[in-house]
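Hi everyone, thanks for coming. I'd like to walk you through one model today, so please have a look at it before I start.

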Amino acid sequence: MNLVEIVGDRIKKQVLALGHSEKTWRVLIIDQNTAKLLHHTLPMSEVLSRNIAMVERLEDMRERTTEFSAVYFVNINSQSVKQIEKDFSNKMYRSVFVVSCAYIGDKEERALENLKKKAEKLREKAKDKEKDSIDFIYKSIIFDFIPIAPDVFHVETPHSYYTSREKYLEDISNKIKGIYRVIQVRCTAIPIGRYAKELTSKIESSGTSKLVVVERGADMNTPLIHTFTFESLLWDLGLAGPGYIVEEKKAAQEETPGKDKESESESDDNDEKRMEISEDYKVWMDVRTKQLVETHKKLSELIKKETKTEEKEQKSNIKQLVRAVQELPAHTRTLKEIKILMGLLEKCVKFFNMPGIKETAELEQGISTGKDFNGHSFKHEVTKKFFSVLKTAKLTQTEKVRLYLLYILNYGPLQRNEEARLIEKGHLSQKDLDSGERVRKYMAERRIKPMSKRTLPIARHVPIIADILTAIISKDAHACRKLEIHLPDAKEVLSGESLRRREFVFKTSASTDSAHRKVILVYFIGGVSIAEISEIREIAHNTGQTIFIGSTDICAPNSFVTVLDNM
């Protein structure tokens with residue numbers, strides 16, 4: 001199963017098929033919401049191949065093209081309805097098909113119904129029924145999620161788990177029901193955490209698949225630390241995102257406290273060249289979840305293979321390898337892919353070798369695991385190490401806040417004289433301390449202690465989701481008890497009650513095969529980190545399970561701080 005293909009097929013059948021014929025060309029009109037959906041699900045070539053003459057934005061100035069029909073694929077609200085009414089009165093298009101990607105409100109539905117009646121009257125008056133007839137059809141096809149990768153989905157909601165919890169849980173419960181419907185599964189819920197139980201109680205379904213809901217408070221460490229896997233670090237450095245890597249960044253800018261985020265993102269778009277990347281890129285799929293050392297080794301082997309180097313030396317200088325790969329011809333996608341990934345790896349290694357980064361990594365791992373590299377308790381030296389890193393490492397203000405949050409979430413608040421020292425030295429402001437205390441109180445007593453341990457010095461921390469999924473898949477009763485997991489008995493896994501229908505469209509019944517698909521749906525309340533996504537992908541690969549991962553926020557460590565700052 002592939003989320004991108006599932007949603008892409010849905011758009012082709014329910015949206016792009018409207019008014020389609022070999023002799024008829026149409027204009028596809030989209031807005032910000034559906035532009036994002038199309039970006040992640042269908043290449044533009046696929047859209048245009050469906051007799052779409054052009055794709056235009058609803059808010060832009062558009063020319064009158066009466067020889068074409070129009071398909072409006074937008075979020076229907078008061079503004080979009082006004083624009084559609086204006087287009088209709090100006091007779092912009094021959095026929096109009098409106099598809100809303102969300103609910104149509106009562107007021108907006110009345111307005112669309114009026115346009116439909118006007119179109120019917122125009123048809124009745126038309127002298128040449130073939131030439132002058134005008135169709136006006138509208139419907140809603142609800143898209144409760146955006147698939148940003150074949151196995152990862154993003155859920156949008158106007159509510160925040162951290163500020164409007166009740167509204168958030170209600171909205172997300174409906175969105176998860178919509179996900180069930182689209183991928184045609186029924187799930188038995190396995191909640192992890194108090195509010196995960198509250199969320200799953202609103203869904204009330206059961207089946208052969210599993211819905212694992214993890215409350216963010218169960219593991220606050222993972223989204224706040226650098227894990228130094230290749231993909232995770234690229235996200236941390238702003239060199240990757242959902243479905244892309246940054247091929248070239250012309251002007252790398254350091255974070256400036258108080259800098260306007262909108263102007264920053266606009267600048268980033270202008271200063272970087274992105275490369276869309278998917279599961280078809282075999283080299284990327286092979287190295288994305290590996291530690292930097294392993295990534296270096298793998299790419300080195302590929303470079304030597306492509307350059308037919310007989311060099312026996314195991315340790316190669318990364319700069320020499322980058323130079324070697326730049327000399328390779330770029331006539332195949334694989335060679336181009338190796339070149340780009342090697343360049344990105346060099347940037348990751350350069351970051352890791354910056355002053356204070358290794359010490360910062362040691363601090364993060366010590367706080368999150370409670371042990372130093374030698375396996376001794378970290379508690380007695382944690383405060384000294386914390387202040388030392390703040391003093392010596394070249395950290396942005398957000399990174400300092402991140403380390404402070406990591407500290408107080410694991411060891412509690414600092415003493416008053418230590419807080420005063422933070423302010424006096426200019427490391428943090430009183431506002432930062434107050435914000436951190438709000439986060440600490442909000443997340444109090446929700447942490448679940450991980451069971452697994454790793455030996456790699458800079459990556460000893462194990463995300464709790466690894467233990468959770470391992471326990472669930474292996475049905476390890478002892479591990480489930482320690483992790484506060486209730487595994488349903490076989491008799492609890494029934495067919496489940498019917499889900500509330502939320503869209504008025506013609507639908508075909510699910511096939512017998514699709515009705516019994518077995519998947520694990522993992523939803524994180526309060527955001528998911530790329531490190532957790534990587535961990536889940538590794539488990540899916542090793543166990544052969546189909547696992548989908550979703551949340552409202554997909555965060556790198558610093559962006560997670562921004563999410564928490566809104567509390």
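Let's begin with Y162, which is buried because its relative accessibility is 7%, where buried means under 20% relative accessible area, exposed means over 50%, and partly exposed is in between, with a 1.4 Å probe and protein chains only. Before I go on, two housekeeping remarks. This is a predicted model, so local features need pLDDT of at least 70 and side-chain atom pairs count only at pLDDT 80 or more, while totals for chains, interfaces and linings use all residues. Residues are numbered from 1 along each chain as its sequence is written, and side-chain values use heavy atoms, with hydrogens and water left out.

Y162 lies in the loop between β7 (152–154) and α7 (165–183), and Y442 in helix α19 (residues 430–442), so the pair ties together parts that are 280 residues apart in sequence. Y442 counts as buried, with 16% relative accessibility. My helices (H or I, at least four residues) and strands (E, at least two) are DSSP runs, numbered from the N terminus.

The charged end of R274 sits over the ring of Y244, 4.0 Å from its centre, and R421 lies over the face of F387, at 4.1 Å from the ring centre. The criterion is NZ of Lys or CZ of Arg within 6 Å of the ring centre and within 35 degrees of the ring normal.

Now the whole chain. It has 24 helices and 16 strands, and of its 567 residues, 52% count as buried. Taking contact as heavy atoms within 4.5 Å, residues 24 or more positions apart account for 75% of the contacts with a separation of 6 or more.

What about the inside? A nonpolar core here is a set of buried Ala, Val, Leu, Ile, Met, Phe, Trp, Tyr and Cys residues joined through side-chain atoms within 4.5 Å. The largest one has 147 residues, and those with the most contacts inside it are I11, F73, V212, F230, F386 and Y523. Helix α14 (residues 333–352) gives this core its largest share, nine residues. Leaving out residues up to four places away in sequence, I11 touches L16, L37, L38, T41, L42, F73 and F143. There is also a second, separate core of 23 residues, which includes Y72, V74, I84 and Y138.

Next, have a look at helix α5. At 1.5 Å a residue, its 20 residues (106–125) should span 28 Å, and the end C-alpha atoms are 29 Å apart, which agrees; the expected span is 1.5 Å times one less than the number of residues. Which residues of α5 are buried? E108, A111, L112, L115 and A119 are. They cover an arc of only 95 degrees around the axis, so they are on the same side of α5, the arc being that of the directions from the helix axis to the C-beta atoms. Their cover includes α4 (78–89) and β5 (136–140). On the face turned away from the buried side, α5 carries the exposed residues D106, K107, R110, K121, E124 and K125.

Let me finish with backbone angles. Most residues other than glycine have a negative phi. N51, however, has a positive phi near 60 degrees; N51 is in the loop between α3 (44–48) and β2 (52–57) and is buried, with a relative accessible area of 12%. Q184 also has a positive phi, of about 60 degrees. That residue is in the loop between α7 and β8 (187–192), and Q184 is partly exposed, at 29% relative accessible area.
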